[in-house]
Amino acid sequence: MSCFAVGRAPDHAVTTGRLHAAAWAVWAVAAAVSVELAPNPVYVALVIAVVGLVVSAHRLDSAWARAFPILIGVGVAFGVLRVVLTAATTHGGDPVLFTLPAATLPRLLGGFSVGGAVSLPVVLQAASESFAIVGLMAAFGAFNAVVSHHELVQVVPRAFYEVGLIVTVAVAFVPSTIAAVQRVNEADRARLGGRRAPRRGRLVRRAVPLIESGAEQAIALAESMDSRGFARAEATAGDRAAATGALVALLALAAAFVALVARATAVAAVMAIVGAAALLVAVFVASQASGRPRYRPRPITRRDRTVALVALGAPMLLGVRAFLGDRTLTWSTSPLHLPSVSWLAVLAVALLAVPVVVRDD
Amino acid sequence: MTEAVSYRDVQFAYPREERLLDGVRLDVHAGEVLLFMGRSGSGKSTVLRCVNGLVPHSTGGSFGGDVVVGGRSTRSYPPRKMADVVGFVHQDPEAQFVVDQVEADVAFALENLGMSPPAMRRRVEEVLDALGIAHLRDRSPASLSGGERQRAAIAGALAAGPSVLVLDEPTSQLDPQGADDVLAAIGRLNADLGTTVLLAEHRLERAAPLADRAVVVDAGAVSAPVPTAEAIAGYEGAPSVTRLGRLLGWHPAPLTVREAQRFGAPTGLERPPPATSPAPGAPLVAVRGASVELGRHRALRAVDVSVAEGEVIAVFGRNGAGKTTLLRAVAGLVSLAAGVVTIAEGRRAAYVPQDPNTLLLGPTVRDDVETTCRLLGQPAAEAADRWLAMVGLTGMASRHPRDLSAGERQRVAIAAVGVGEPDVLLLDEPTRGMDAPSKAALEVLIRGMAGAGRSVMLATHDVELAARVATRVVVLGDGEVVADGPARDVLAGSLFAPQVLRVLPPFLTVEEVAEAIGRA
């Protein structure tokens with residue numbers, strides 16, 4: 001967007017057709033809850049397809065967007081691992097695919113038996129559950145690929161801005177570390193002029209320096225932030241009140257959790273109420289405190305609200321279906337049968353594609 | 001003249017280390033460009049980091065004396081309170097971005113200063129224009145080229161409207177094109193906005209003409225600032241034209257080819273003897289019709305190149321012309337879409353990547369060099385000693401590689417690959433960020449390898465290095481071989497010509513001129 005005029009009011013200065021970070025948050029939660037409500041692999045596959053469509057339409061030019069396929073890959077890898085482990089330790093059902101040599105672990109290690117008959121229903125059930133996890137990873141990865149984390153931080157109240165920014169910056173090291181690992185792998189091949197390096201001890205040899213270089217970059221970044229006046233403003237009374245409120249809320253909720261574990265239900269209830277109240281006060285005070293001036297703040301538009309509402313429709317419809325006893329939402333592999341599908345549920349999942357439809361404002 | 005920055009008897013020691021700065025006194029005039037020269041590790045960074053108080057507020061250590069900028073003393077003002085008077089840019093362009101979008105990152109300092117939104121909007125536009133990066137505003141810094149990224153970092157430092165801009169080797173991790181862009185932008189800022197600039201730099205061919213005055217930093221001592229031509233005349237890392245001027249007694253010492261051409265050629269110089277490039281030995285590598293595709297991009301198109309024993313081949317070409325891809329193809333790191341790369345039976349080609357940090361993973365310099373031997377199953381200790389001596393780093397063997405300067409790390413990486421005794425050593429931009437002693441050590445090493453019947457292939461933009469060591473030059477353009485021939489022939493006919501050739505053709509280097517004078 002090349003047109004600009006000096007002194008133009010920032011409120012009208014939205015340059016890109018991007019959706020608001022809050023709308024994306026709602027959309028991602030809706031997608032994740034949909035996967036949870038309808039773990040039938042057909043619906044999960046639909047969610048993943050829709051999520052992929054949305055990412056390809058809205059992905060930003062960011063490190064996280066480039067990490068999206070890697071996140072999916074990680075999800076798939078964990079899924080495969082889970083299938084293998086389940087198949088090796090869970091038995092029963094027909095038909096049996098093949099039989100592995102069996103062994104029973106000593107009681108110290110749990111005492112269950114490993115190996116033996118591997119049956120199709122067990123494998124399919126584990127694969128279907130793993131697939132749902134891939135669906136959740138896709139929703140999480142998609143959120144990170146399309147949302148501007150900076151915008152997300154800007155939305156939080158002033159008192160939490162600094163903490164939010166630090167978390168954002170810290171999280172951004174994940175994709176850059178993945179890239180560093182790839183570069184190091186290649187350098188190792190390059191230095192040997194084509195010979196294969198022995199794998200032994202490779203991980204340890206690399207992990208420490210990668211962490212070191214990460215820490216070094218973090219220090220450089222901290223200096224850059226310091227040089228550019230980060231945390232220069234003194235905390236106001238409102239900031240301090242909000243921070244105190246948040247701390248009290250955290251302690252009270254932790255106490256409630258401990259009490260719950262110790263089965264002191266009454267104490268737990270009181271602490272939970274205190275915690276929730278303190279949190280409300282903190283958020284209220286924080287949002288009342290004088291705002292931090294923002295560069296080109298992004299107002300929530302009608303389009304953002306539309307996307308959020310339509311996306312929320314998906315889990316709500318699925319919830320209603322579940323309440324009404326829709327048996328297609330989940331898939332049980334025993335006895336073995338193909339997953340069945342209801343068109344209403346498919347329609348509900350399709351609502352998640354709303355960001356693609358409203359792409360052009 | 002008013003002083004923009006004054007160092008008042010500054011003393012400083014890093015925690016648990018000996019005193020580095022001992023009584024630095026220096027006044028920087030408002031509106032000037034002051035160049036800080038000096039070897040790697042001489043203390044340039046430390047001196048520059050005093051300006052906005054990163055030394056001592058961020059480093060710790062014991063600090064004496066005072067640094068005053070715009071009436072504020074860094075003793076009582078930490079860096080965040082100096083943000084509106086001093087902008088700071090350091091050498092690693094990657095580690096300076098807070099926000100994953102250029103425009104929002106530029107605005108970061110303004111938000112911190114609490115500027116009103118309309119003023120902020122206007123300032124960001126102005127700064128983007130001043131650095132020529134308005135078209136990159138929506139991009140992620142990670143997706144930019146090095147030069148673009150460093151200009152975006154300067155924009156971020158400049159946004160708050162500081163009167164002083166401090167740049168600590170801003171181009172040491174950039175290729176020459178990116179470096180030229182960055183230095184040109186710095187020159188423009190100084191000329192148009194009157195920003196005072198404190199600049200540490202090794203790339204003196206470009207930086208020296210920008211500077212009004214220069215100082216030399218040596219072991220923490222800062223010389224008195226004098227006009228750049230004076231300071232550089234006796235400096236070891238001076239550009240070739242300046243050293244040529246020194247040899248021929250020209251005064252004032254020229255800083256650019258244009259200045260040198262005014263003096264005219266001395267009479268009675270014998271032409272250099274025709275290049276006695278030794279007959280190339282047995283072939284080591286043959287690249288035949290190699291094409292490489294990276295995604296949709298054709299990085300190499302039907303390239304034919306051969307490498308024989310004893311050759312030093314310099315590969316030139318703009319960024320993206322395929323230099324790195326060609327080297328990686330020879331090293332067997334990329335798959336070819338067409339063609340073949342054959343390496344003579346039993347011979348090996350090893351590659352030193354542009355970023356030395358990817359190789360330097362061990363706790364000490366020596367360990368990094370020995371790792372290669374261990375991975376190859378070769379005896380380590382003696383070979384490591386020999387290679388550390390060859391790159392001139394014997395004294396640093398027990399140091400942590402990350403404590404070294406960019407040029408020193410590059411040399412460790414070269415030793416760590418070379419120690420495996422490959423028959424072809426592939427060097428990717430080896431002189432980035434190198435100071436004069438590092439470059440001299442590298443030249444000796446390259447000649448030594450070629451003399452021992454091995455060969456070296458380097459992708460570089462450094463014509464001066466190529467003029468001194470290369471026997472053959474290959475020029476790539478858009479993935480194709482544009483020129484391939486003896487170094488003197490290719491360099492003489494090209495716009496890439498080394499400085500000496502432009503002033504005193506047909507001489508390529510100062511050393512050749514010195515020999516001719518010796519014969520005369």
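Which residues line the second largest cavity? Panel D gives the answer for this predicted model, in which local features need pLDDT of at least 70, side-chain atom pairs count only at pLDDT 80 or more, and totals for chains, interfaces and linings use all residues. Residues are numbered from 1 along each chain as its sequence is written, chains are lettered from A in the order in which they are written, and side-chain values use heavy atoms, with hydrogens and water left out.

**Panel A. Interface of chain B and chain A.** Contact (heavy atoms within 4.5 Å) involves 53 residues of chain A and 68 residues of chain B. The two chains bury about 5600 Å² between them, 53% of it on carbon and sulfur atoms; buried area is the accessible area (1.4 Å probe) that two parts lose on being put together, summed over both. On the chain B side, the most area is lost by B:Arg121, B:Leu361 and B:Leu375, together 14% of what that side buries.

**Panel B. Salt bridges.** A salt bridge is a side-chain nitrogen of Lys or Arg within 4 Å of a carboxyl oxygen of Asp or Glu. The count over all chains is 36, and four salt bridges cross the interface of chain B and chain A. B:Glu103 pairs with A:Arg296 at 2.1 Å, N to O. Within chain A, A:Arg82 and A:Glu129 form a salt bridge with their closest N and O atoms 2.5 Å apart. That pair joins helix 3 (residues 63–89) to helix 4 (residues 120–146), 47 residues apart in the chain; helices are DSSP runs (H or I, at least four residues), numbered from the N terminus.

Panel C. On a 1 Å grid over the protein atoms alone, a cavity is a set of points where a 1.4 Å probe fits but cannot get out, and lining residues have an atom within 4 Å of a point. A volume is the space filled by probe spheres set on the points, which are joined across faces, edges and corners.

**Panel D. Second largest cavity.** About 30 Å³ of space lies here. The lining residues are A:Ala220, A:Glu223, A:Ser224, A:Ser227, B:Leu54, B:Phe88, B:His90 and B:Gln96. Helix 8 (residues 202–227) of chain A gives the most, with four residues.

Definitions and conventions: Helices (H or I, at least four residues) and strands (E, at least two) are DSSP runs, numbered from the N terminus. On a 1 Å grid over the protein atoms alone, a cavity is a set of points where a 1.4 Å probe fits but cannot get out, and a pocket is an open set with protein on both sides within 12 Å along at least five of seven lines; lining residues have an atom within 4 Å of a point.
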